[in-house]
Amino acid sequence: MSKLNIRSIKASEIELKERVVAINRVAKVVKGGRRFSFSAIVVVGDGAGVVGYGLGKANEVTDAIAKGIDDAKKNLVRVPLFKHTVPHTMEGKFSGGFVLIKPAAAGTGVIAGGAMRAVFESAGIKDVLAKSKGSSNPHNVVKATFDALSKMRDPLVVAQQRGISLQRVFNG
């Protein structure tokens, strides 16, 4: 996913809720022993189709989370929603992480693993079926999920471009 997305949003315009996906302690071996620092991957969203992710690194956990939130606010994208689910099936890929996202009927809930669940709930997707294949690394899973969501197309825009009704987009 490129940093410059057509559907970018300014963080100051909306109220965002943040969610920490993973915190990792990393060690750097120096002359006197090990020096520990932390990296945190954070997802922010307004619960209505706007979501972003960021990575923060610092010597303290709270500083790493704060940096991650600031980074996530710089990388916001708008996700097309259709009746609280995704409009169509899509696959996403980043490095070794593959994700499959499918729309679900109302009342199904979010059927997804930890890192993907955080992204869907932050975006406001209430009903979705998702499967993570390949890497289970939270960084790769989050980025693959964003890849899939950024490739989604809004059904209303598709209907207008084709000059047909919304019903024909879904039913042929």
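How much space lies in the largest pocket? In this predicted model, the largest pocket holds about 150 Å³ of space, and its lining is made up of Pro87, His88, Arg153, Pro155, Val158, Arg162, Val169 and Phe170. By residue class, this lining divides into 5 nonpolar, 1 polar and 2 charged residues. Two helices, α4 (155-162) and α5 (166-171), each supply at least two residues of the lining, and of the elements that contribute, α4 gives the most, with 3 residues.

Aspartate 147 is found in helix α3, which spans residues 138-151. Aspartate 147 has a relative accessible area of 14%, and because this value is under the 20% cut-off, the residue is classed as buried. Once residues up to four places away in sequence are set aside, aspartate 147 touches Gly92 and Lys93.

The other residue is an arginine in a strand. Arginine 34 has its place in β2, a strand that covers residues 33-45. Is arginine 34 buried or exposed? The relative accessible area of arginine 34 is 63%, which is over the 50% cut-off, and therefore the residue counts as exposed.

How values were computed. Residues numbered from 1 in each chain as written. Predicted model: local features only at pLDDT ≥ 70, side-chain atom pairs only at ≥ 80, totals over all residues. Heavy atoms only, no water. 1 Å grid on protein atoms, 1.4 Å probe; cavity = no way out; pocket = protein on both sides within 12 Å on 5 of 7 lines; lining within 4 Å. Points joined across faces, edges and corners; volume = space filled by probe spheres on them. Helix = DSSP H or I, 4+ residues; strand = E, 2+ residues; numbered from the N terminus. Nonpolar A, V, L, I, M, F, W, Y, C, P; charged D, E, K, R; others polar. Buried < 20%, exposed > 50% of the residue type's maximum accessible area, 1.4 Å probe, protein only. Contact = heavy atoms within 4.5 Å.
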